[in-house]
Amino acid sequence: MARTARSTAEKLKIINADFRLWAKNFVKIVDNEGKEIPFILNEQQEYFYQNMDKFNIISKSRQLGFTTYSLAYCLWLACTRPNTNCLIVSYNVESTQSIFERLKQMFASIPDKYKPAERRNNRMELYLENNSRIIVKTAGVKSLGRGMTLQYILLSEFAFYPDDQQKDSLVSLEQALAKNEDSKIVIETTSNGYNYYQKLFMSAYKGNSKYKAFFFPWYSSATSNQFKHEIDLAEKWFRLNNHGHRMRPEDLERDEIPLREKGISFKLLMWRRWKLEDISIEDFNQEFPSTPEESFKATSRSVFDTQKITERLNYILPPLSRADIKKELPFSLDQYLGKGFFIYQNVKANERYYIGVDTASGNGGDYSAISVFDSQGEQVAVFYNNKIPVYRFAEIVNDLGHYFNYGFLVVEKNSFGQSVIEKLRTEYGYLNMYKHKTFDERGRKKLKIGWVTTSVSKPKLINDYKEQFELDLILLNDNETLEEMKIFTDYNGKTGNIRGEGNHDDMVIASALAIQGLKCGKWYV
């Protein structure tokens, strides 16, 4: 009897020490048919378990089971390690409560003799007799993680947290992570356009972050299990419409050939085609991406073609160094070189340059921005700074205009731009500037300096810029301009950057103004 008891205790010790064994033996989950089954890690969950680090970030297709994985992992820690705290955060109250109900269902499935008794079990917390706790919170709560030491943190659907909360939440929770080698933070989400999460993931994906990036595409093996019933329906549908046979190589459409070359099964390709009967390819790529870039593009509301932006970003060259610049810079420009002022091509004699100017207050918010294009449509220089006073910005505009062969200035007249225009004309005598047409009460035509942005003129400004970029009629060289274009959206008829700290659209506006200069065909000097 003693040997049997010792043997059982030894087995339990081995099981408790291994998350996979513990989950398989003690935890049950509800499958798509409503049946309780043992939780056995699928291929993608197993890969993540084997490779996860302290800081982890996951981009994925839908319903691959990573939330379920983290719930089981939290239960394993809480049940087998006394005095352990875990935190689960989701993007809204409904999602948070749904996740917590799943966790409690999983906890209830564990046999009583293999888990600690409950000390407290309510809508926000599962508190056990061994002094371990699993807590749930909703993104946006100011006290997120404050005063806590957490062994495991799950940030579920992180890309859908309010923009201003993504960075703030992460900063506070990283400080709450336990300072031992086994503590972990996991960010898992489907994509939601170009936001803080996208920047964080792509930085990690390129190896430039403490976070370890994982991407799991729609054709992962978990999809075949999770959508088994739908996949069977899709095959029946395909057979019905193709004389009774399954998909063959000769049945592949153009966009399916590269997917097949990746090794995706005909079954999954039939399911994909079946899904596309009712949703657009953009919607499919949003829910079921093949690459991280595809997921961000599909979920973006960007005005501009984000695929073209990404492609251009892959090929842009660094700006000229001071040693490479042939024409001497005035001091007003030289002091900003490499600090918001970048030159990409040297000035050419007799070349006409077109310069867009967007003026801000200089109080640390929006940029005062300048974008310079040559007559062929290549962006050759940029300037942006959010702390330069308006009067000094007017000096920068004047000197930059003269530096680029007395370039044609298109200055936005709205707000602080009017002050810049007045200084350019009265103090600097700058003549080569864009003029817009107006009529007085007698119907007489007048030309006034500057571009006036209105609800009518702004769509034209942006649409002309979009057309020039997407038809390859202009060449953008500046990283900041391209990054701003990613988050320049059209939301309910209003265009502008996605809200969030550090997000700008001033280089977009300055570049669009320069394009209007190119298009107008005027030159006043």
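A residue is called buried when its relative accessible area is under 20%, exposed when the value is over 50%, and partly exposed in between (1.4 Å probe, protein chains only). By this definition, 52% of the 525 residues in the protein are buried. The model is predicted, so local features need pLDDT of at least 70 and side-chain atom pairs count only at pLDDT 80 or more, whereas totals for chains, interfaces and linings use all residues. Residues are numbered from 1 along each chain as its sequence is written, and side-chain values use heavy atoms, with hydrogens and water left out.

The protein contains 20 helices and 19 strands; these are DSSP runs numbered from the N terminus, with helices (H or I) of at least four residues and strands (E) of at least two. Its C-alpha atoms fill a box of roughly 105 × 65 × 50 Å along the principal axes.

Helix H11 (residues 266-275) is mostly covered, with eight of its ten residues buried. Among them are Phe266, Trp271 and Lys275.

| Covering helix | Residues |
|---|---|
| H8 | 221-226 |
| H9 | 228-241 |
| H10 | 257-261 |
| H12 | 281-287 |

Contacts may also be viewed along the sequence. Of the contacts in the protein with a separation of 6 or more, 67% are between residues 24 or more positions apart.

Tyr524 is found in the segment after helix H20 (506-520). Because its relative accessibility is 31%, Tyr524 counts as partly exposed.

Conventions:
Contact means heavy atoms within 4.5 Å.
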